[in-house]
Amino acid sequence: MPAIPPTSHVALKEWDSTITALARGVQILILRKGGIHESGGEFELEHRSFVFFPTFLHQSPAQVKPAYHDLLTHISAEPQIVHVRAGATVARIIEVKSRPSIEAIDDQHIYAKPLIDMRFSYRPTNPLYVVLLRVWEFDQPVELQNTPDYAGCKSWVPLKTPVNSQGRWVLSDAEFAQRAKTLASLC
């Protein structure tokens, strides 16, 4: 089992609902193409280990399967304080070769068809990636002031203060290995 980093200096911005799904072991993946403020607009995997910085505004019931609507936190603006509660290490990155590949893993994530359609349509010449993550949940969530430095459509945010990220792995080695193997075979 890999070691959980004692502190993290960088966070990956992700929907709060997705972070909850990852922390509950509902899914072990995220989908990425890239953010507006990243070089060339493409997702760059600058870090192999990070904590999650929750975002709220772009998540909506239309983009999450109805069975997972309970994971959505409905707010009208980004909060002044965010609760950082989970982190991950990258296990594998898989380029999605075709639409049928992503449809084959439909039972492995919370995302609804409109979100999948949007991800394929956004910058259609750029590849879509499935990023398999080994997720841990913190022993204690960490409160961070949500400053303007953290705002915007970017994937990575350097944290002003390192976060104590000690916790427990969400899935056992065996369960994670089996699910990762299944996903890799379907993509």
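These questions and answers walk through a predicted model of one protein.

Me: How many helices and strands are there in the protein?
Reply: The elements run β-α-β-β-β-α-α-β-β-β-α from the N terminus on. The totals are four helices and seven strands.

Me: Which value does the radius of gyration of the protein take, and how does that compare with the globule rule?
Reply: The C-alpha trace spans about 40 × 35 × 35 Å along its principal axes. The globule rule gives 16 Å for 187 residues. The protein comes close to that, so it is as compact as a globular protein of that length. Its radius of gyration is 16 Å.

Me: What share of the residues of the protein count as buried?
Reply: The protein exposes about 9000 Å², and carbon and sulfur atoms supply 55% of that area. Burial is judged residue by residue, with a cut-off of under 20% relative accessible area. Of the 187 residues, the buried share is 49%.

Me: How far apart are the mean positions of the positive and negative charges?
Reply: The protein has 19 positive and 19 negative charges. Their mean positions are separated by 3 Å.

Me: Which strands are included in what covers the buried residues of H1?
Reply: The buried residues of H1 run from Asp 16 and Ser 17 through to Leu 22 and Ala 23. Just after the helix, Gly 25 takes a positive phi of about 80°. The cover over the buried residues includes S1, S2, S3, S4 and S5.

Me: Which residue of S5 is the bridge partner of Ile 30?
Reply: Ile 30 and Arg 32 point one way from S2, while Leu 29 and Leu 31 point the other way. All of these are buried. S2 and S5 run antiparallel and are joined by four bridges. In S5, the partner of Ile 30 is Val 131.

Me: Over how many bridges do S4 and S5 pair?
Reply: S4 spans residues 81–96, and S5 spans residues 128–145. Ile 94 stands opposite Val 130 in S5. The two strands pair in the antiparallel sense, and the number of bridges is 14.

Me: Which residue in S4 is the bridge partner of Val 51?
Reply: Strand S3 takes in residues 49–55. Three bridges join S3 to S4, and the strands run antiparallel. The partner of Val 51 in S4 is Gly 87.

Me: Is Ser 165 buried or exposed, and what is its relative accessible area?
Reply: Ser 165 lies in the loop between S6 and S7. Leaving aside neighbours within four places in sequence, its contacts include Ile 4, Val 51, Trp 136 and Phe 138. Pro 66 is 99 residues away along the chain, and its C-alpha atom is 31 Å from that of Ser 165. Ser 165 is buried, with a relative accessible area of 0%.

Me: What relative accessibility does Asn 126 have?
Reply: Asn 126 is found in the loop between H3 and S5. Its C-alpha atom is separated by 30 Å from that of Arg 24, 102 residues apart along the chain. Asn 126 counts as buried, because its relative accessibility is 13%.

Me: What is the relative accessible area of Asp 173?
Reply: Asp 173 is found in H4, which covers residues 173–186. Asp 173 is partly exposed, and its relative accessible area is 35%.

Technical notes. Residues are numbered from 1 along each chain as its sequence is written. This is a predicted model: local features need pLDDT of at least 70, side-chain atom pairs count only at pLDDT 80 or more; totals for chains, interfaces and linings use all residues. Side-chain values use heavy atoms; hydrogens and water are left out. Two strands pair if DSSP finds at least two bridges between them. The radius of gyration is taken over C-alpha atoms; the globule rule is 2.2 Å times the number of residues to the power 0.38. Buried means under 20% relative accessible area, exposed over 50%, partly exposed in between (1.4 Å probe, protein chains only). Accessible areas come from the Shrake-Rupley method with a 1.4 Å probe; for residues, only the protein chains shown count as cover. Lys and Arg count as positive and Asp and Glu as negative; His and the chain ends are not counted. The place of a charge is taken as NZ of Lys, CZ of Arg, CG of Asp or CD of Glu. Contact means heavy atoms within 4.5 Å.
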